[in-house]
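Let's take a friendly walk through this model together. Have the viewer open and follow along as we go from one chain to the other.

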Amino acid sequence: MQALVIVAHGSHLNPESSTPTYAHADTIRETGAFDEVREAFWKEEPHFREVLRTLESDEVYVVPLFISEGYFTEEVIPRELRLTDWDPEAWESDGTSATHVTLAAEDVEKTVHYCGPVGTHDAMSDVIVRRAESVTGDPDVGDGFGLAVVGHGTKRNENSAKAVEYHADRIREMNRFEEVKALFMDEDPEVDDVTDFFESEDIVVVPLFVADGYHTQEDIPEDMGLTDDYRTGWETPAKVDGHYVWYAGAVGTEALMADVVLERALDAGADVREAVEYVRESTRAAATTEA
Amino acid sequence: MDDEQTAALTAAVTIEDDLAFDGLRVTRDDDGYRFELPDLERVALDEAELRRVAGANDEHVSNWYFWHDVAPTEGSARFDFLRFLERVADHDAPTETRGHGGDATHGTTYEPDDVLARYDALERGVERQWGELAVTVELADDGYRRYEVRHVDDADADPDDLDAHREVRDARDIAKFDADDRYRPLKTAPTLVDGWRFPELTSAEVIAVVETIYPATIANWHREREGTLDVDHWEPAMARQSGIYGVVQTWNRGEGTEHVERVAEACCADSECLKRREWQYDEDTPLQADGGAGAFPCREPCSMVVSAARQWTKVEGEDARTYEFELTPSEKEQIEAIIDRVADGEASDVREADFGDDANRWRVRYLREKRMDDDGNLCGVPTNRDE
């Protein structure tokens, strides 16, 4: 038997923080690719600490629903899962290249394939693009459009900015959008001045965040000038300084995220290739319907 | 009992492999099959005779089939929990987990061999309590089990008065908010809303519903029964914290455990959490605070407790000082009553015109007008934090 565990931050305060985690887990459950699919959280239950024992499977694929490599993926999650002999060096990562490592856990007799975070997987670039398609309602969006990928910045974790730049570079190389920029909340180039960085009249803004919350639903919309008060909402697109800003909200809420989770497990050896194909197609249908 | 079950029975018994479960024993030797129950023995049966005898004692056969083909594997948490639900006596289980909702000595159990008595009870429905859940198991056709989960307060409610849910994942939404629509970050808080039920669940589904509402409780309950519950006490649990929580390590100064006693009383009482606290200060230093009477154990300080402890570590770093406040006796008691009502979560229950209640809003607003200055200082006494 093989199990998938999606590990995410969760929240003591925000009831919707875990909603995307459950949604992606449900999508993967429907494929039947795993005998068991479980969600685990740092701030909700089951906690990282107690999730492995709830599984009957011997082979467990753990995929962190986090944007970048750093404190949570390197320290908190391995410690709380009690992964034996974990060492961040085991990933042999340059900051965005972790794939997986196979370990044991102290409190269960299982093989644990500990995967890199979803945020740094190549497939994440496709999710950002899909998010742009969803928010514009145009499956071919690109011509005449600029794309801004927005991250936290380096104040807390330099790998966070690396992940944003990594995907911005990859999407730029697709030659699909007129311009692609990496912008940040707390360092230059800052998302506050988003329109200064683009010549295109239309700009899609996709925050590289796992869940919607304070940053994506309050900070960024106000900083960009979409609205004076987040509580009153904003137009999509919103007219700012002669540009149309299509603000997508957290990329992590995009249905295609389930594909990235599956690909992490696939890269680590899980037998889920058919499910990957299914999820890519079924979430595309969902995105089109939504639009 | 259906044909598939009889076929499974004959297939399971060979010269090499006996079958023995809940008083049913079937063996095979050169003379044929031997079929035994506590009060019955049939020997030298050919396969047709075995089928006939099995058919005449179908409760035992369908019972074996259920526990071997539907609910396996024997000894697993799933298996033992399902046995617990239908009240099969388990004399090896620790007293905390043997009985009704953690009550060790009360509630009927059925000896494993007494399948007929258990089946008789299952016809009417056997109920177990699990936190605030009432789980009922009934017999369906051919010895299959069907489960129903509802709030324990609805145990006697007319099913038609409860919202029936078919999807296991609906349990997520039920567990998410309390009756006042406040988010429930602690799943085992005794604030589960009522008014719903999950009828006609399979054994896999009932476990999924229970684990959605109370995550990891079955696994930890089972470990406790097996004697393998890995308790992480307060001290080591705080010692492994890092990042913004690393500060909690400084709260332990080797000067007693009163602060942890207060945490356990404040956060882990049954009024706050239905888990039975098994963690202590450390392995050698038990806490005096009551651990509670829950069916399932708490094996380490949870993320809520760690998060609250971080705040206490900050504010408890201060030394006490003497302030002088002038209050009437009634005002002193009113302040004490307000603290009580807030601590017990009753502040919002006070009626607008219940002026006899010390926590009534107009009473409290009057007190604020009288006793607090424009800067919010009680009796005008400045805090003088920096002195």
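Which residue in S3(B) is the bridge partner of Thr27(B)? It is Arg34(B). Keep in mind as you look that this is a predicted model.

Step back, and you will see that the two are part of an open sheet of four strands in chain B, ordered S1-S2-S3-S4 with antiparallel pairing. Strand S1 (19–21) and strand S4 (40–45) of chain B stand at the edges; each has a single partner strand, so one side of each is left without a neighbour in the sheet. From one strand to the next, the twist averages 10°. Helix H2 (residues 47–56) of chain B packs on this sheet, where it touches S2, S3 and S4 of chain B. The direction of H2 makes about 160° with that of S4(B).

Staying in chain B, move along to helix H8 (residues 203–213), where you will find Ser203(B). Is Ser203(B) buried or exposed? Its relative accessibility is 5%, and because buried means under 20%, Ser203(B) counts as buried. Setting aside neighbours within four places in sequence, Ser203(B) is in contact with Phe66(B), Val70(B), Leu82(B) and Tyr147(B).

Now turn to chain A, which holds eight helices and 10 strands. How does its overall size fit its length? For 291 residues, a compact globule would have a radius of gyration near 19 Å, and chain A agrees with this at 19 Å. Along the principal axes, the C-alpha atoms of chain A fill a box of roughly 60 × 40 × 35 Å. Of the 291 residues in chain A, 62% are buried. Among contacts between residues at least 6 apart in sequence, 70% join residues at least 24 apart in chain A. Chain A exposes about 11500 Å², and carbon and sulfur atoms supply 42% of that area.

For a closer look inside chain A, find Leu183(A) in strand S7 (residues 179–184). At 1% relative accessibility, Leu183(A) counts as buried. Not counting residues up to four places away in sequence, Leu183(A) touches a set of residues including Val149(A), Val164(A), Pro189(A), Val194(A) and Phe198(A). One of these, Val194(A), lies 11 residues away along the chain, and its C-alpha atom is separated from that of Leu183(A) by 7.7 Å.

Terms used:
Residues numbered from 1 in each chain as written. Chains lettered and ligands numbered in written order. Predicted model: local features only at pLDDT ≥ 70, side-chain atom pairs only at ≥ 80, totals over all residues. Heavy atoms only, no water. Buried < 20%, exposed > 50% of the residue type's maximum accessible area, 1.4 Å probe, protein only. Contact = heavy atoms within 4.5 Å. Pairing = 2+ DSSP bridges. Axes fitted to C-alpha atoms, helices over the stretch in contact; angles between N-to-C directions. Rg over C-alpha atoms; globule rule 2.2 N^0.38 Å. Areas by Shrake-Rupley, 256 points an atom, 1.4 Å probe, with all protein chains shown as cover.
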